[in-house]
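Colleague: I am new to this model and would like to understand it step by step. Could you take me through some of its features?

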Amino acid sequence: MTIFNSSGWQMKPGSQAPSQRWHPGWLPILILGCTWQIASLTRVQAEPGPGPDITWVEKYVTYQQEHHGALTLTDVHFLAEVAFTDRSDLDGIVVELYVDGEEQPITSYTGNDKLAFTNGYFYPRQTRSFDTLEALESVWPADTRFRWHIRYPDRVDVLAPIRIGGPGGSTDIPEPSTIRLFQHDAQITDHHAIDPLAPITIEWDPFIGGAPLEGSIWTDLVFVLVSDCRGKVVFTGGAPGTDDDFISYEETSVVMPGGLLEPGQPYVFFISQVNYVDHNVSEGVEQLAANSFATELPTRTSGSPDTAACPDPAKPAVYLWTRKTAPGQMEVWPTLQDHW
């Protein structure tokens, strides 16, 4: 999130369990978020078989950063997705999401849904846009619990409920941060003239409230991604199969090596701080809930392009925000719906 396939939100458990990592995102992230990308989470089912490995629900707020540094709110999302190993794992299966205690599902997933693929996992992502966090809270407050049903041909597994807010009964989205870029020992002030050959230090504000999720192997984390106009991720601050671990909530910067960017091309720098608020394992399925934000900073490198022009329209990376969904309903994540 191929170090980092051009797919969604990345998630991972804590560093104390390195054999069970997976983010932005991505699912997402997620699940992007958030999200969004998934690393190598050990399959928790005693006897691996069809069906999801992971469920994910999230309150997720997205911002675009203007070049003078201001953050503009672009969307407030409720996100939900499932992740599984093989494309056929959802064939003949329906996965439904309910508010605990209600009889009608919010949404459902089947093997025919549009899928993202990252680091060995497939996942359909659905979202619902809200104009403000208060509007989202009025529909699904922090004490709301969601319940997943997995309808197999021969049975229905009803998973344990998962809470969408923190243990204290509040929505705990981290304070949003700008992205600061540094090259040649100075902060970049012209985001349309980035040197493609020099290393870039990517910096953000401290993760206030970041911590391990009590009672689980999971810990809050930061996703850092850079993508081009073709939807390809050219840098991630940690990914499976590399020597770089995912970024801890305790860190506030990462260095992108020089030479990864091409001259005269647009790129989007992305950060997300993911606060895990609930977790359980039910019927062999790992279940997670998160509150998070993401900041997207459009940029351009200096110089004359030496590759083909960007597609028109540009193809954003799958975890990026592109537009609000229709009011009052869950939809396929717009980047998946429009471009995949």
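**Pocket and salt bridges**

Colleague: Which strand gives the most to the lining of the largest pocket, and with how many residues?
Modeller: A pocket is an open set of points on a 1 Å grid over the protein atoms alone, where a 1.4 Å probe fits, with protein on both sides within 12 Å along at least five of seven lines, and its lining residues have an atom within 4 Å of a point. This is a predicted model, in which local features need pLDDT of at least 70 and side-chain atom pairs pLDDT 80 or more, while totals for chains, interfaces and linings use all residues. Residues are numbered from 1 along each chain, and side-chain values use heavy atoms, without hydrogens or water. The strand (a DSSP run of E, at least two residues, numbered from the N terminus) that gives the most to this lining is S21, with four residues.

Colleague: Which side chain does Glu137 meet in a salt bridge?
Modeller: A salt bridge is a side-chain nitrogen of Lys or Arg within 4 Å of a carboxyl oxygen of Asp or Glu. Here the N to O distance is 2.5 Å, and the partner of Glu137 is Lys59.

Colleague: Is Lys59 buried or exposed?
Modeller: Buried means under 20% relative accessible area, exposed over 50%, and partly exposed in between (1.4 Å probe, protein chains only). Glu137, at 23%, is partly exposed, whereas Lys59, at 0%, is buried.

Colleague: How far apart in sequence are the parts tied together by Asp278 and Arg163?
Modeller: Asp278 and Arg163 form a salt bridge, with the closest N and O atoms 3.8 Å apart. Because Asp278 lies in strand S20 and Arg163 in strand S12, the separation of the parts they tie together is 115 residues.
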